[in-house]
Amino acid sequence: MKRGVIFFFGFVFSWLLLLPTSGMGQELEKFSENGKYGFRDQAGQTVIPPKYDFTGGFSDGLAGVRLNGKYGFIDKSGTEVIPLQYGLAGDFCEGLAWVYLNGKLGFIDKSGAVVVPPKYDGVGRFSEGLAWVTLNGKYGYVDKSGTEVVPPKYDGAWGFTEGLAVVKLNGKKGYVDKSGAEVVPPKYDDVYGFTEGLAGVLLNGKKGYVDKSGAVVVSLKYDEVYGFTEGLSWVKLSGKYGVIDKSGTVVIPLQYDEAWDFSEGLAGVLLNGKWGFIDKSGAVVVPLQYDRVWPFCEGLAMVKLNGKSGYVDKSGKWYDSRED
């Protein structure tokens, strides 16, 4: 299954990637001079002189900086609003940033106040008001006041989406809500993120979907399942792809060898070595005759035929370029 959008999850050092940076007020970009880092505006004028050993990007109006082995934060005027005193620091997310002090991790707010004391071995970014934390090999969750709403007791934990988060215990995965209740007990071999109220789950080599109460709404019989978009999801069984709705009804038969996600109402599909496009009813709207296709964007999709690349519109009309 070819995915039109790839989602990336991570938290450690994420702020290293935020360059150039923008936010409220002027847009600044990082630059270096003689091994030191500062920021300048879009006209090339120096706003923050290059004096730091390292700078991250601006997030929520603040940027992490390092000097003489210590991290703190500056605003866009260059004022050090949070003193350089930490061993490491992350970007601000939902108003808080993780910091590393004396071998432990916690969180500070934008004033520099410690809201979650540095006492954890590991932390994640806040999502939907909660962040996972780990202590002595176990995972739980804290809120923005530092309260452990879910005490560290799991073997693994992930961020919240749609009000639920994946947890792992004794090799099995499930979901907890923001109160810590196990709405989907850890009994699956693997689970996937909720989209449109349903999540894919894996047990004994087969996949299906559960709802937020933990009820199985699509039986575990598929080899692969994907996220729902506009009420539909691709599934794979015995090497063939098709589409089901949220009740589990097959709306596009499992007959294709490969497929793209739907984009602008159409999805690229492969059958017998040739690609084309179908709509959400399963009707072929662009004949399966191409050697390669890519998703639609602004009414056109890139295609390749007999070594020549071009574009087609939703009626299948060929264009040599997007400007034709």
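Reader: Which residue is the bridge partner of Val176 in β19?
Author: This is a predicted model, where local features need pLDDT of at least 70, side-chain atom pairs count only at pLDDT 80 or more, and totals for chains, interfaces and linings use all residues. Residues are numbered from 1 along each chain as its sequence is written, and side-chain values use heavy atoms, with hydrogens and water left out. Strands are DSSP runs of E, at least two residues long, numbered from the N terminus. The bridge partner of Val176 in β19 is Glu182.

Reader: Over how many bridges do β18 and β19 pair?
Author: Two strands pair if DSSP finds at least two bridges between them. Strand β18 covers residues 172–177 and β19 covers residues 182–188. They run in the antiparallel sense, and the bridges number three.

Reader: Which residue takes a positive phi in the hairpin of β18 and β19?
Author: Four residues lie between the strands of this hairpin. The phi is near 95°, and the residue is Gly180.

Reader: Is Gly124 buried or exposed?
Author: Gly124 sits in the loop between β12 (122–123) and β13 (130–135). Buried means under 20% relative accessible area, exposed over 50%, partly exposed in between, with a 1.4 Å probe and protein chains only. Gly124 has 0% relative accessibility, so it counts as buried.

Reader: How far apart in space are Gly124 and Ala157?
Author: In sequence, the two are 33 residues apart. C-alpha to C-alpha, the distance is 9.2 Å.

Reader: How many strands does the chain have?
Author: Helices are DSSP runs of H or I, at least four residues long. The chain has zero helices. Its strands number 35.
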